[in-house]
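Please look over the structure below before reading on. My comments are brief and numbered.

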Amino acid sequence: MSDSFALPHAQRDQPLPAPIAETAVILRTVDARSVRSASSVDKYPAVDLDIVRTRAGFDALEADWNALFASAGRSEHMFLTFNWLWHWANHYLPASAELAIVIGRRNGQLVLIWPLLIERTAGLRQLAFIGAPVSQYGDALIADIPDRAAVLDISWSYVLAASKPDLVRLAKVRADATIAPLLKAKGFTITSSEEAPAATLSAAPTYADFEQRFSPKLRKNRRRQLRRLEERGPIEIQVLAGTQAAADAAGATMTLKRAWLNSRGFVSKAFADVRIDAFFGDAVSSTTRPCGVAISRLSSNGECADVSISVTCKGRRAIHILAYALKFEKVGAGNHHLEMALQSAHADSIEIYDFLAPRHEYKMEWADTVVSVSDHALALSPLGKLYADVYLALIREGIKRAIKRMPRGLTRFIAGAHRSTHGVF
């Protein structure tokens, strides 16, 4: 490299990988000076890197972002569409946060987007994905260019030098994510890991063929549950999107979900925050910036029994939120609704029906594949290392394990105390 830029201390002694020597890179530094980094003989055209730090800058990317997603986005990138993150920014972008969206252009065309931000957590500068808590997979978007690994690598070094974080926390990264090899190479620690089950609908020519994967006993049990549900009265399934009725249904879904959480004694930070109601209300009703969100509602004898919120993108449909009225828990409304949803997805030529993480047994009844989804952390300062090693790896995960082992009565008591103290649902 003919020129260089300052790297954080933890990165200074790490040599740049060989592919970077083949890629010319123009770096926009923090004070807007341009530095050109290149080998003596550039094999590929230069990449112009920059960081978008403002909401106005994010909004200005809309057309280019959509074009890059259309050509390079995969179905599992459904939470990286501009429209999804635009709705997120309307409701969740913290006033104290600093956007750090890394973009790369080659010959003026956008070829790279890392949707990141800087947050202050426990006195630390933390680099993380934008999209929490509603985005379920995190990754970067990059065009199908021959030197994509080199461009990702140099953009990674660039954002560290420009943002100077104490800690990097990249949550919900699939094992097959674009950035997964880079995170492994850079020495990230996996702080927690779950599995996301999915059903491969495209493998079955008809839905009847898809059903053959289930045992006769399981199919018989579902028919029995359906008869019990039909005894209550007529069953109706309604799919809503792009209307005010859809927004109203989103609010009702959150009410059902919170009632279920209360009944189990669970405390959910995401559902304790009413911004989730507004986010999904806007996302499901928007016609100017739709993001594939729809609500399916099953009614029994005119009464809402089960509701689901899904996201569809490029042949994948992910079931994001499931909720049911507690009185219908024993009659199999959820199972019947899910079966109808899968049948509808197959009719819509959906290839993958994604249940998202975490893995549950009811999901595995339908799924034929799973993928690991992990949270990754990299400490870049002594304080960041203390936070990662003590809080993330020990305390946080230890609390999660302890809660899972608690009797339901005790978790319900703790949840009630939390609600009375913090005033949430």
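1. Confidence. This is a predicted model. The mean pLDDT of the chain is 87, and 83% of its residues reach 70 or more. Two stretches need caution. Over residues 1–21 the pLDDT stays under 50, and the model has 37 contacts beyond four places in sequence for them. Residues 417–425 are also below 50, with 15 contacts beyond near neighbours in sequence. Where pLDDT is low, predicted coordinates should not be read in detail.

2. Helix packing. The axes of α3 (residues 62–72) and α4 (residues 82–92) come within 9 Å. They cross at roughly 135 degrees, so α3 and α4 are oblique to each other. From α3, the contact uses E62, W65 and N66; from α4, it uses F82, N83 and L85. By type, the residues of this contact are three nonpolar, two polar and one charged.

3. The whole structure holds 17 aromatic pairs. One is W84 with F280: the ring centres are 6.2 Å apart and the planes lie at 75 degrees, so the pair is edge-to-face. W84 belongs to α4 and F280 to α11 (residues 275–285), so the pair ties together parts 196 residues apart in sequence. Both residues are buried: W84 has a relative accessible area of 0%, and F280 has 1%.

4. The surrounding cluster. F280 also pairs with F279, with centres 4.9 Å apart and planes at 85 degrees, so this pair is edge-to-face too. F279 is buried, as is F280. Together with F79, W84, Y92 and Y137, F279 and F280 form one aromatic cluster.

Note on methods: Residues are numbered from 1 along each chain as its sequence is written. This is a predicted model: local features need pLDDT of at least 70, side-chain atom pairs count only at pLDDT 80 or more; totals for chains, interfaces and linings use all residues. Side-chain values use heavy atoms; hydrogens and water are left out. Axes are lines fitted to C-alpha atoms, for helices over the stretch in contact, and angles run from 0 to 180 degrees between N-to-C directions. Helices (H or I, at least four residues) and strands (E, at least two) are DSSP runs, numbered from the N terminus. Angles under 35 degrees count as roughly parallel, over 145 as roughly antiparallel, 65 to 115 as roughly perpendicular and the rest as oblique. Contact means heavy atoms within 4.5 Å. Ala, Val, Leu, Ile, Met, Phe, Trp, Tyr, Cys and Pro count as nonpolar, Asp, Glu, Lys and Arg as charged, and the others, Gly among them, as polar. pLDDT is the predictor's confidence in each residue, from 0 to 100. Rings of Phe, Tyr and Trp (its six-membered ring) pair if their centres lie within 6.5 Å; planes under 30 degrees apart count as stacked, over 60 as edge-to-face and the rest as tilted. Buried means under 20% relative accessible area, exposed over 50%, partly exposed in between (1.4 Å probe, protein chains only).
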